[in-house]
Amino acid sequence: MSKKHRHDDARKDKPSKWDAGESKGAEIGGLPPTVSECHNNEGHVDENPDNHKRMYPLYVELVKWQRHLIQADERVVILIEGRDAAGKDGMVKTFVKHLSPRETRVVALGKPSDREQTCWYFQRYVPHLPASHEMVIFNRSWYNRAGVERVMGFCTEEQYEEFMQTVPLFEQMLVRSGIKLFKYYLDISKSEQKKRLKDRRENPLKQWKVSPVDEKSQALWDSYSRARNAMFSRTHHALAPWIVVRADDKRAARENLIRDFLSRVSYEGKNEALARPDPHVVFLYHEAYLANEMIAP
């Protein structure tokens, strides 16, 4: 046998630190692994050690919760809504970063086809709802009709009114069927949106995010505000309330949305100290927050 083959066989027989469980973060609830040991789902190293140390305990809690989700055969739907450049993509990526891909699905539907435009409005979303022990995150959702479709004229007045009247009933059916539904709205200021849209146009890695709708976001800011406010007032209900996340600070928004979610679910071994969001960052919608500008005007 050649030296190369003997060396390969020896390497195969020798357990790695992952096999032996020697990684500091190998067990749920253990210490966070070092940056060199931490990889995201695409295999890239997390290059920000401070951010990693802050988020690691929250990732652990999400994994513990997902284990409960699977064992209890639960079904969860999370809606992530917000203006253009509110940080929806980054929020979703952060949330699912260390969750099992078999039980986690992210849905980001494109423009409806000609056929879909002739169907019941909610029909294109129903096939994506979760089965037992699954979680589905909608990166934008059926609330497109209350936002961009309303403002850009992509739906008629009759279609808009039908949606606003029936969406609470649709969501009540989901919840009463056993689905746990969470609705998050990422709220940003006009100046922050302007800065992020500029970055999109200039950053070659973000060109895929640029769309014709983006170009009108600033000019139509007030129209989007009115549409958002109407959506809140008419679709915020006890079984599926709106949870607002102030998202000018992306890190604070991501951290506190996860903390808020953890505060609303039950699972074994929950670290209650981590399930305490900052109430100045995440809060249930109330019309008073429009008046005092906790929600961006």
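**Conventions**

Angles under 35 degrees count as roughly parallel, over 145 as roughly antiparallel, 65 to 115 as roughly perpendicular and the rest as oblique. The model is predicted, with local features needing pLDDT of at least 70 and side-chain atom pairs pLDDT 80 or more, while totals for chains, interfaces and linings use all residues. Residues are numbered from 1 along each chain as its sequence is written, and side-chain values use heavy atoms, without hydrogens and water.

**Helix 3 against helix 9**

Helix 3 (residues 88-96) packs on helix 9 (residues 250-263) at about 55 degrees, the axes being 10 Å apart. The two are therefore oblique to each other, and helix 3 passes helix 9 in a right-handed crossing. Contact (heavy atoms within 4.5 Å) involves G90, M91, T94 and F95 of helix 3 and A253, R254, L257, I258 and F261 of helix 9. These residues divide into six nonpolar, two polar and one charged.

**Cavities**

A cavity is a set of points on a 1 Å grid over the protein atoms alone where a 1.4 Å probe fits but cannot get out; lining residues have an atom within 4 Å of a point. Two cavities of 30 Å³ or more are counted.

Conventions:
Axes are lines fitted to C-alpha atoms, for helices over the stretch in contact, and angles run from 0 to 180 degrees between N-to-C directions. Helices (H or I, at least four residues) and strands (E, at least two) are DSSP runs, numbered from the N terminus. A crossing is left-handed if the near helix is turned anticlockwise from the far one by less than a right angle, and right-handed if clockwise. Ala, Val, Leu, Ile, Met, Phe, Trp, Tyr, Cys and Pro count as nonpolar, Asp, Glu, Lys and Arg as charged, and the others, Gly among them, as polar. On a 1 Å grid over the protein atoms alone, a cavity is a set of points where a 1.4 Å probe fits but cannot get out, and a pocket is an open set with protein on both sides within 12 Å along at least five of seven lines; lining residues have an atom within 4 Å of a point. Grid points are joined across faces, edges and corners, and a volume is the space filled by probe spheres set on the points.
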